[in-house]
Structure formats: C-alpha cells, structure tokens
Amino acid sequence: MHKGVTVSTTSSNPCEPQKVLAVDFEFSGHHPAYIENIANVWSQSNLNHHIEFLLCNRFRELHGNTVNNIERLSDPKVSLRFISEDEERLLANPKSKYWNAWKLFCKYATERKANHGLVMFLDMFQLSIWLGQKSPIPFSGIYFRPTFHYELYQGFRPSLRERLVGWRKAFLLQRVLKKPQLSNLLSVDGTAVPYIRENFSTSARVAHFPDSFSRQSPSDQQANELRDTLGIEPGRMVFCLIGVLDNRKGPMQLLNAIRHLPDDVAEKTCILLAGRISDGLRDQVVDAVLKVKSYSKAQVVLHDQYIPPSQILTYYKISDVMLTTYQFHKGSSSALIHAAHENKPVLSSNYGWLGHMVRTYSLGIDIDSSDSVAIANGITRFAHSDPSKLLNQSHASDLLRENSQEKLAMELTRLVSPTPFVTAPLDEIEIIASAS
C-alpha cells in the first residue's frame, strides 16, 4: 500500500443509513465542547445517518447543560448513551482505564449494531487498540497530541526527554495505523498530516480534523453584562487566560509575571483568569491572587468556575489579548481559533504547535512562557501599543477557514460515506503545514 493513499472501509449500501458510535470517557477540558459541537453539526447537516455518543455518567453529572442542549435538538439522528455504574467503575483505575475503555467500545459497537466507530480521544486509546481485542467495526480516531514532527518547527530544540516522548508517540501511532479496521486518522494538528503521510505506512486516510465551534458572536449587551459581573475596572486592558486552570496552563507563571510589570503598565492592566482551577493548585492560585494587591497596581480577576461552551466567546469579546502562555503544551489548542474568530491577538508560548501557529499566521506575540519576565515583557509590549495591530486579520481568516463548521461537516460526512476516498494532495493543506 502506498503511503498517503487511503480507502474508506465503511462501506455498504449507499442508501442504507449508517450508525456511528462515538466514544469519549473524559469529562473536562475540551471534551464537552467537542461533543456538543459535533452533535450540532451532525444535526444541521443533511446526513441521513445516526451518531450515538457513548459517555460516562460523570459527564452527565458535571455537564447537564451540554446534555440538555443535545437532547433539545430532538433529532433522531443524534443520541446519547451512558455506560452503567458497574462499567464506570472499570474506568476508575488510571492504569487500566483505557484498556477497559476499549473493551467497552468493542462491546457497545456490537450491541448497538454500529457500522462505524469514532474514537474521540485516540491518543489515550492507542496502546489498547494495538494490543487489545480487534475492533468489531471499522473506526476512525481523532488524534490530538502528535509531537514527533516538532523538529520541523523553527527554533525547536528538543530535550532528550522530548525526543524519547516523540519516539514513543511515533512508535505507538505506527502500530495503530497498521490496524486494518482504522479507516481515518483525523489529526487536530494539521501540520502533522503531511509528516504522517510521508513517514508512516498505512491504509487509513490521514486528514486534518477541523478544530471548530459555533460561530455565533455574543452581543454587546452580553459583553457589557459580563464585564460588570466580573467587576473589570474601566480603562484597563484585559489579558485573559481561559479554560481549566492547571499546571499545564501556567497560571502561576502568569501571576508571578505581575511582579515584573512597570507601574504604568500595571495600573492599566487586568489579568482575567476564567475557568475552574484544578484542586491541587487552587490554594496556591488563590493565595497568589490575594497577594497581588499588596505589591501591584494591576487588577486580577479570578473566576473559578467551569465556562460552558455557549459562554466562551463572550470572554473573548471582552478581552483585548488572549493568553496561551501554556507550559510546553503538546498538540493544538482551540484558543487560537477562538481568538482569530473574535479578532483578538494572543500572547502565547513559543513552544510546539502553539508557537508555530502564532508565527505562521501572525496571531500576536510568542514568548518563552516558562519565564515570568518574558511574560511581563510581552504584556508590556501590548500595553505600549494598539493590540489589534499585532494580529494579521487576513491570516487569521485563513486559519478560521481551515477550521470552519463546513470543513467539520465534510469530515463527519466522510465517516459514513460508502464511497472510497483517495487522500487529498498535500498542497490542499499547504497553509497549515507551513513550517517556516
């Protein structure tokens, strides 16, 4: 089989409705938003096929709004199924979680008479797919965190550990790609697609999976109400870090940067931390926020709550600069796509995909986000300029087009299409694959 040439195996009668079983046993981070958005796009498309999401009960407990929104679609083509409490206990041990998760997928694929599977977080399932039981149906997987191609990025200097991690990821992925049941490998990091096609042998179709979301911009009234609710002081430039606030997002490095801000910058700066703080970091973050008042004129607003997908864009709208100052973040981040949609520049880590995309699309400033002084210098640079001039809106529009709802609908259609697909030429993703 030639590298990069693939044929879909989901085949059957072209007129017969297909059933896709989409499995995801995570319940934090991007997962609720992804599930809800795929459900919406599926419902709004002209697909005459059914998608059923196989989820854990913890998801239902934590994300009742997401569950209700999907159920309110009242679309027989979209449904939710939750595993039993006994099955959920099989996922409690982290060491065996995805071994058992794969078994559950295989069990439900048979019981639910699915024609195709969608593994929504392939990264964690890879070992089980390689060494576990054979899938009873063809399946596709959404792949989030490739790093083996990072040496293509400008200025990337991997440590020995990073080289070993990249080698391990490549080793595992190659084993998964050899599985004949795998129809589509869908990489959220589009820059990895040409690398995988060129360097891995597979009969699967390898393609970019759009990192998309509902494009309904919030109103000015919604934005003003949120500013008032959060208590953002007038005249301040808002720098927003949004999402699950854990060590990976780097809230402490950001808060430590406030000490290095000049007084004239601090007095017109608001640092907005919006999102649920991880339990192990909460005391440390809260303490640091309280101490800021004793040494800085900067305002820090901490909103320690989960931000539902429907409210995310309002936080972008009220912000002047979005922060992706993550700590050696692996894989893609929808934060850049959201920022491009709202025409907001970013102050970003220069590491991996994040740094590469910020440089390629001229989305803002990229810095060494492990260095609090570098973060402070980035904030200062924004404060001394017009932030909007540090974003290239034309390039941002290119990024949005590559991650549109229409592109997502096309990829979802291909999951259930009975027509064989030959992989598109590499030049179709030339923009996102640029490794300048």
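Modeller: Residues are numbered from 1 along each chain as its sequence is written, and side-chain values use heavy atoms, with hydrogens and water left out. Because the model is predicted, local features need pLDDT of at least 70 and side-chain atom pairs count only at pLDDT 80 or more, while totals for chains, interfaces and linings use all residues.

Biologist: In what order do the seven strands of the open sheet stand?
Modeller: Strands are DSSP runs of E with at least two residues, helices are runs of H or I with at least four, and both are numbered from the N terminus; two strands pair if DSSP finds at least two bridges between them. At the edges stand β3 (78–82) and β7 (205–208), each with a single partner strand, so one side of each is left without a neighbour in the sheet. The pairing is parallel, and the order is β3-β2-β1-β4-β5-β6-β7.

Biologist: At about what angle to β6 does helix α7 run?
Modeller: Strand β5 (residues 139–143) and strand β6 (residues 182–187) run parallel and are joined by five bridges, with Phe139 opposite Leu182 in β6. Axes are lines fitted to C-alpha atoms, for helices over the stretch in contact (heavy atoms within 4.5 Å), and angles run from 0 to 180 degrees between N-to-C directions. Helix α7 (residues 160–177) lies across β5 and β6, and its angle to β6 is about 145°.

Biologist: How many residues make up the largest nonpolar core?
Modeller: A nonpolar core is a set of buried Ala, Val, Leu, Ile, Met, Phe, Trp, Tyr and Cys residues joined through side-chain atoms within 4.5 Å, where buried means under 20% relative accessible area, exposed over 50% and partly exposed in between, with a 1.4 Å probe and protein chains only. Among the members that touch the most others are Leu347 and Ile379, and Leu347 is in contact with residues including Val321, Ile365 and Phe382. The number of residues in this core is 73.

Biologist: Where does Ser362 lie?
Modeller: Ser362 too has a positive phi of about 50°, and with a relative accessible area of 28% Ser362 is partly exposed. Its place is the loop between α15 (352–361) and β13 (364–367).

Technical notes. Lists of a residue's contacts leave out its neighbours within four places in sequence.
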